[in-house]
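Thanks for coming, everyone. Please take a moment with the sequence and the structure, and then I will walk you through them.

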Protein chains: 2
Amino acid sequence: MKKIKIDILNTSKRMFNSKGVALISIREISREMRISHSNLLYHFKDKYEIINSLHEQLIEKVYELNKEIEENSNELTRLIKGIEKGFEILLDYRFMMIDFNFIAQENKTFRKRIIEMEKERATMYMNLIKSLIQRKIIRKESYSNEYDALIIQIRIFSDYWISSSQIYDDSTNPKKYAKLLLQLFYPYMTKTGKQEFLKIV
Amino acid sequence: MKKIKIDILNTSKRMFNSKGVALISIREISREMRISHSNLLYHFKDKYEIINSLHEQLIEKVYELNKEIEENSNELTRLIKGIEKGFEILLDYRFMMIDFNFIAQENKTFRKRIIEMEKERATMYMNLIKSLIQRKIIRKESYSNEYDALIIQIRIFSDYWISSSQIYDDSTNPKKYAKLLLQLFYPYMTKTGKQEFLKIV
DNA sequence: ACTAATTTAGTCCAAATGTACTAATTAATT
DNA sequence: AATTAATTAGTACATTTGGACTAAATTAGT
């Protein structure tokens, strides 16, 4: 990709992160970059093309990370590191998480892709849970769909910890929230799992 | 309060809920109501005065509900009913939950009040947890601050289940999410607690 | 070096918004 | 009924925005 396109994406990301998508216009981005708005429009025909591009970047990074985790999540340590890394990526694109619904409302492509990603994430976690059960790190379901509920809780937590942190914390610490996500698993753990978990955290 | 003010608040709430705060202007609200925008401005000097009024309504309703729950949460059933009712109230003001961060960014009063409310909610849940431990419905902490983590998870879930549902579900069912919130407690429960819980749900 | 394609900038336009101000109307008070 | 206060409507203005269009400048290909 050309330098200017990369510049536009980076500047946009920075500005979206600081003020939110709704308050940043094409013209403001172009002013910030000291280029004409027509020039910017030449490269991206509107704000949502920029957002879609940034979203593709994010998806790419998350996808690679997921692959990495799936290959290496035999140990809890690696899983934790993976989640931490993932949360850092999300933080870098935080405007997307904060303006999630605003973007999704105006941008059907975005929404579709998010739903796709969510399916993948759910599958990944379901496999992880199965494997943790097999290895007797967590216990079996004690009623049906118990772990489906957990996966929804993981989804909401993963999607909105940044938003919540931005309101209630002075600064956003991805490691803290990665640990909190892990703690969702803790009460399901067997004695072995708990010991291992407490050793790490 | 005068009829027209009530009308403005209701119309605004309805429009904010359907399109989001960022996309609704004073002028649009006045057009929808078939009054002049100057008239609307006479009653509320800007959009954020409307939002603040609506927020006061919401706080009032939540406050009364909390009182009700604290007085009656001896039984799990009542707790569940309370959470369900609370979630229905939030759904009625859903724009506030969805545009949480957008509003908080531009409106310091809003943010302050939210943080206040959050403190109350945390205290309420902490008391609830203490009482559940005493009554041996849930177990004691197995490491320090274990239940503080749970409370943060409750906070994030309570604040963003609507946003998440709006993206992933076809329609938003508060009872479903109330149950999911309860399920956060389940793995901490003792045998007695689990039995009671499964009976109800 | 010349030409064509790509990239950048400049200008103009219509629509919408918040704000300020004035005029008209309605309600309340005496 | 007259006067005052409260409410509603209307108008005008400066800004901002996305979009369309044109012209200038730069780059790439030959």
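**The DNA side and the chain pairing**

Let me start with the surface near DNA strand C, which by class has 5 nonpolar, 7 polar and 5 charged residues, where Ala, Val, Leu, Ile, Met, Phe, Trp, Tyr, Cys and Pro count as nonpolar, Asp, Glu, Lys and Arg as charged, and the others, Gly among them, as polar. This is a predicted model, in which local features need pLDDT of at least 70 and side-chain atom pairs count only at pLDDT 80 or more, while totals for chains, interfaces and linings use all residues. Residues are numbered from 1 along each chain as its sequence is written, and chains are lettered from A and ligands numbered from 1 in the order in which they are written.

Around DNA strand C there are 17 residues, the closest being Ile35(A), Ser38(A), Asn39(A), Tyr42(A) and Ser25(B); a residue counts as near if its C-beta atom, placed from the backbone, lies within 6 Å of the strand. The largest share of this surface, 4 residues, comes from H3(A), with helices (H or I, at least four residues) being DSSP runs numbered from the N terminus.

Turning to the two protein chains, 33 residues of chain B are in contact with 33 residues of chain A, contact meaning that the C-beta atoms of two residues, placed from the backbone, lie within 7 Å. On the side of chain B that touches chain A, the largest share, 14 residues, comes from H9(B), and that side divides into 21 nonpolar, 8 polar and 4 charged residues.

Terms used:
Helices (H or I, at least four residues) and strands (E, at least two) are DSSP runs, numbered from the N terminus.
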